Amino acid sequence: MAEELTLTTSSYSILSELQKLRLARQPLTVKLATDQEHSYTSYVVEANSDSLLIDHFTPKSGNQRVIPGKTLYIETNLRGSQYQFQCEHLAYPVDQSGFPCHQLRLPEALRYSEHRTNFRVPVRQDISPPISIITATGSKLSGSLENISLGGACLKHSTFSDIRQTSTSVACEIKFDNKNTLAVDAIICYQTPLKSQSGSRIGIQFQNLHSAIYRELHHQVMKLQRLQIRTGLSIVQALI
């Protein structure tokens with residue numbers, strides 16, 4: 001199974017991933033920027049919009065004390081996904097349970113790689129089904145479907161307005177043809193500006209797929225997949 005690397009700078013996405021690590025009580029490997037030879041083991045205690053708390057270090061090797069202002073490099077693995085990020089050390093507070101911990105500045109970026117289980121089907125723009133996402137406030141963005149899998153999709157939108165400032169949970173409508181419009185819930189995973197033209201690329205992950213909707217999605221994705229094979233386009237593994 002192939003592995004793809006994703007870099008997110010979305011504070012919402014970063015917090016979501018850190019919460020996964022906290023709930024799983026996943027061990028973190030921590031290194032100092034000035035001492036890459038020695039590493040320490042810790043755990044996420046709390047993650048919020050202000051800072052990240054990790055447990056007091058249990059040294060794997062070395063005993064160098066961390067000075068506030070230093071940069072820490074953190075790595076871990078959760079269910080096949082590799083995580084890498086760095087944080088500035090801020091202080092030595094005590095958590096709500098009375099245990100000492102390390103307070104870190106929330107990472108500005110988080111890099112992770114994942115083993116993919118769904119196939120992403122690239123869609124030619126001349127046959128691209130129209131796709132729309134509707135925010136909780138009723139704002140609607142329409143675009144063209146760039147690729148799709150059973151886990152999510154990517155669409156191109158003609159302008160760049162950060163939809164995540166309005167809503168990260170959205171409703172999604174994909175009009176595969178005149179008879180079939182699929183409506184699903186989704187979350188915004190990323191939004192990046194297009195390099196060669198105005199507009200943006202928006203990645204979404206499908207949520208709460210009931211059996212009937214999943215079957216219809218599977219049917220439509222398989223149709224697109226067969227079309228790509230017959231027209232000689234490659235199928236690569238899914239980003240989401």
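Does R25 count as buried, partly exposed or exposed, and at what relative accessibility? In this predicted model, R25 counts as partly exposed, because its relative accessibility is 42%. R25 sits in the loop between helix 1 and strand 2. Its phi is positive, at about 50°, although R25 is not a glycine. Most residues other than glycine have a negative phi. The side chain of R25 lies over the face of Y43, at 4.2 Å from the ring centre. Aromatic pairs are absent: a search of the whole structure finds zero.

Helix 1 covers residues 11–23 and precedes R25. At 1.5 Å a residue, its 13 residues should span 18 Å. The end C-alpha atoms are 18 Å apart, which agrees. The buried residues of helix 1 are S13, I14, E17, L18 and L21. Seen down the helix axis, the buried residues fall within an arc of 130°, so they line one face of helix 1.

Strand 7 is formed by residues 71–78. Its covered face holds L72, I74, T76 and L78. The uncovered face holds T71, Y73, E75 and N77. Strand 7 is joined to strand 2 (residues 28–32) by four bridges, and the two run antiparallel. Within this pairing, Y73 of strand 7 is the bridge partner of K31. Strand 7 also runs antiparallel to strand 8 (residues 81–91), with eight bridges between them. Here I74 stands opposite F85 of strand 8. Strands 7 and 8 form a hairpin, with two residues between them. In the turn, R79 has a positive phi of about 50°.

The largest nonpolar core has 24 residues. Those with the most contacts inside this core are I148, C172, I174, I204 and F206. Several elements each supply at least two of the core residues, among them strand 12 (130–134), strand 13 (140–148), strand 14 (152–157) and strand 15 (169–175). Strand 16 (181–193), strand 17 (200–207) and helix 2 (211–230) are also included. Strand 16 gives the largest share, four residues. In soluble globular proteins, nonpolar side chains tend to be buried together.

N208 is placed in the loop between strand 17 and helix 2. This residue is not a glycine, yet its phi is positive, at about 55°. N208 counts as exposed because its relative accessibility is 57%, and the cut-off for exposed is over 50%.

Notes. Residues numbered from 1 in each chain as written. Predicted model: local features only at pLDDT ≥ 70, side-chain atom pairs only at ≥ 80, totals over all residues. Heavy atoms only, no water. Buried < 20%, exposed > 50% of the residue type's maximum accessible area, 1.4 Å probe, protein only. Pairing = 2+ DSSP bridges. Phe/Tyr/Trp six-rings, centres within 6.5 Å; stacked < 30°, edge-to-face > 60°. Lys NZ or Arg CZ within 6 Å of the ring centre and 35° of its normal. Expected span 1.5 Å × (residues − 1). Arc of directions from axis to C-beta. Core = buried A, V, L, I, M, F, W, Y, C linked by side-chain atoms within 4.5 Å.
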